[in-house]
Amino acid sequence: MKSLNTFLLFTAGLALSQSQPMDREPLWKKVAEAEKKGLPKTAADRLQIIYEAALKDGKHAEAIKALAKRITHEGAVQGSKPEEKITRLQDELDKVPADAKPLLETVLAHWYWQYFRQNRYRFMQRTATTEPLGEDFTTWDLPRLYNEIDLHFSNALADGRLKTIPTRDFSDLLTKPTLPLNYRPTLYDFIAHEALGFHTSGEFAAAKPENAFEIKVDDPVLDSLDKFLAWSPQTTDTKSSHLKAVQLFQNIIRFHQTDVNSSALVDADISRLIFGKNIAVGKGGRDRFIEAIRDIAENEPGQLSAWARFHWATALKEKGELVEARQVAIVGRDQFKNSRGGKHCHNLVAQVEAKIIDVTTESVWSQSGGEISIRYRNISETHFRLVNANWTFERRKRFNVSSTEQRRTLLRKTPVKTWQHSLTPTSDYKQRTEVFDTPDDVAPGFYYLISSARADFSEKDNRIIYTAVWISDLSLVLRSRANQLEGFILKADSGEPISDANISLWLGNRPENSKERKSTTDEHGFFKFTKSPREYYGDILVQAGKHRVGTTSRNGFWGGQIQEEREKQQITFFTDRAIYRPNQMIQFKGIALRWHHKKNEYNIIKDKSVTVVLRDP
């Protein structure tokens with residue numbers, strides 16, 4: 001009797017446990033512990049238990065979350081190949097209950113899209129073929145992949161329940177959002193914006209048909225919100241990515257039209273205008289965008305006002321209206337400093353206000369003078385120092401002033417000449433270029449010209465430029481060609497040739513290991529050096545009387561080489577079409593070729609066949 005009562009109690013307890021939902025919170029904690037310890041197999045086993053129990057309890061969101069995480073961990077155990085992860089999830093699509101499929105489609109669409117973005121170079125190089133494509137999506141062409149991703153996004157978004165599931169419930173499964181949750185409050189918002197990223201990427205342009213839907217600049221895409229929502233584009237290209245983007249924007253905005261918090265609606269509306277500006281065909285699109293985005297910026301009271309101001313200011317900057325762009329961005333920066341828009345406005349203001357100076361000059365100044373070109377912005381003056389330098393020592397470093405110690409050593413030197421130039425103010429924040437003469441009262445020699453926007457040549461909040469220059473009456477003209485280097489030494493002012501000038505040439509890739517060769521110019525001022533095919537011309541130094549001149553380039557001269565003619569052999573296979581996919585096999589029957597090393601020729605092997613297996617690069 002006692003044993004019977006025990007059996008009845010056990011049976012009743014079992015029935016009770018089967019009828020009550022399982023508390024899966026402890027299992028999720030164990031999954032997290034396994035992940036933290038790097039135990040993917042253990043995590044996958046526990047996720048399978050959660051998946052089965054959640055399905056049984058009708059918790060489909062939790063079940064799909066567990067399924068996707070389980071597949072991810074199983075993929076990690078077997079090599080972490082993303083294509084296998086997608087294939088496994090695809091196989092589960094027909095196994096899950098109908099109520100769970102939209103959620104699975106959501107994850108699957110996201111994973112396909114992520115895979116394409118990581119492997120776009122593979123698909124962009126492929127063209128469509130008449131041969132039916134198999135189930136291996138890694139071998140598909142661009143149109144086939146586009147249709148597959150579009151199918152999963154469409155299937156996922158067709159289920160209205162996504163609008164009731166908070167995005168945070170799937171935050172550890174999908175790409176973590178960088179925006180506040182009230183911008184993407186539901187799973188519908190997240191996947192809809194993912195689909196927008198897909199449809200507006202422009203990377204599937206090669207898959208467009210001849211009758212592709214085209215948005216014109218005067219279409220309602222850049223109109224007010226009411227006109228945009230009333231727009232019903234007419235086209236025969238019903239699969240157009242731009243058409244689907246328009247419809248998605250309309251659906252998202254309608255979904256959030258009655259929200260108490262307008263963040264999701266305004267964010268989508270700003271994205272709609274940016275999309276329109278980028279793809280609308282015709283003149284005047286930027287001006288229409290500025291008008292529409294300004295209306296949002298001036299009427300939106302929240303942080304998104306700064307985001308609208310950033311795009312407003314960017315469009316003004318693109319038009320070259322830098323003063324107006326700066327003013328617009330300053331308001332966004334000061335009102336919402338810590339917001340996304342405020343930070344972008346801060347960066348834009350900094351870009352407009354940035355001090356720019358770039359100094360270029362000839363590598364050789366004749367004593368009659370040369371020119372210095374100064375390209376600048378937001379700077380009122382520029383300062384110069386000319387300091388003595390040792391050409392032989394500097395050539396070992398290829399005249400590259402890169403290290404802090406090199407720079408400070410040059411700045412510590414007593415200059416042989418200092419001067420400054422006042423610059424026309426750039427009140428419009430646009431770049432200007434001014435040209436000045438070089439000093440004509442400096443002795444011949446090798447120098448570094450040091451340019452600075454500040455009089456004290458401080459390295460803080462300043463740009464300092466170091467340029468190697470010669471002051472000389474000599475002119476060095478070089479011409480490098482196959483296996484030889486030729487040149488002339490002339491008087492810089494008159495162009496007269498200089499005879500008996502001493503030429504030193506260093507051969508070698510590295511200055512410290514280079515070999516010096518010497519020569520002199522003839523009565524025409526001409527000289528010539530020859531080299532072996534593998535030698536590299538380095539630097540050249542010329543001396544005639546008290547004057548010297550040399551190269552100041554960071555690179556030497558290769559001079560090319562004469563190629564020896566070699567016999568070339570080639571085999572061409574003619575196939576039935578131009579393009580084959582990875583892992584396809586091509587078989588050539590009836591003949592094969594084998595290279596005979598000793599005879600240096602191909603031998604023909606009859607009645608054989610060759611099979612070539614193509615691999616994905």
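Trainee: Which element gives the most to the lining of the second largest pocket?

Mentor: Bear in mind that this is a predicted model. The elements that give two or more residues to the lining of the second largest pocket are α12 (263–279) and α13 (285–299). With six residues, the one that gives the most is α13.

Trainee: How many charged residues does the lining of the second largest pocket have?

Mentor: The pocket, with a volume of about 270 Å³, is lined by 15 residues, and D223, S224, L225, A292 and D295 are those that lie nearest its centre. Sorted by class, the lining has six nonpolar and two polar residues, and the number of charged residues is seven.

Trainee: Turning to the open sheet of three strands, which are its edge strands?

Mentor: The order of the strands is β1-β3-β6, and their pairing is antiparallel. An edge strand here pairs on one side only, and this holds for β1 (356–361) and β6 (432–437). Neighbouring strands of the sheet are turned against each other by 20 degrees on average, direction ignored. The edge strands are therefore, by the criterion of pairing on one side only, β1 and β6.

Trainee: Which residue in β6 does R375 stand opposite?

Mentor: Strand β3 covers residues 371–377, and six bridges join this strand to β6, the two running antiparallel. In β6, the residue that stands opposite R375 is T433.

Note on methods: Residues numbered from 1 in each chain as written. Predicted model: local features only at pLDDT ≥ 70, side-chain atom pairs only at ≥ 80, totals over all residues. Heavy atoms only, no water. Helix = DSSP H or I, 4+ residues; strand = E, 2+ residues; numbered from the N terminus. Axes fitted to C-alpha atoms, helices over the stretch in contact; angles between N-to-C directions. 1 Å grid on protein atoms, 1.4 Å probe; cavity = no way out; pocket = protein on both sides within 12 Å on 5 of 7 lines; lining within 4 Å. Points joined across faces, edges and corners; volume = space filled by probe spheres on them. Nonpolar A, V, L, I, M, F, W, Y, C, P; charged D, E, K, R; others polar.
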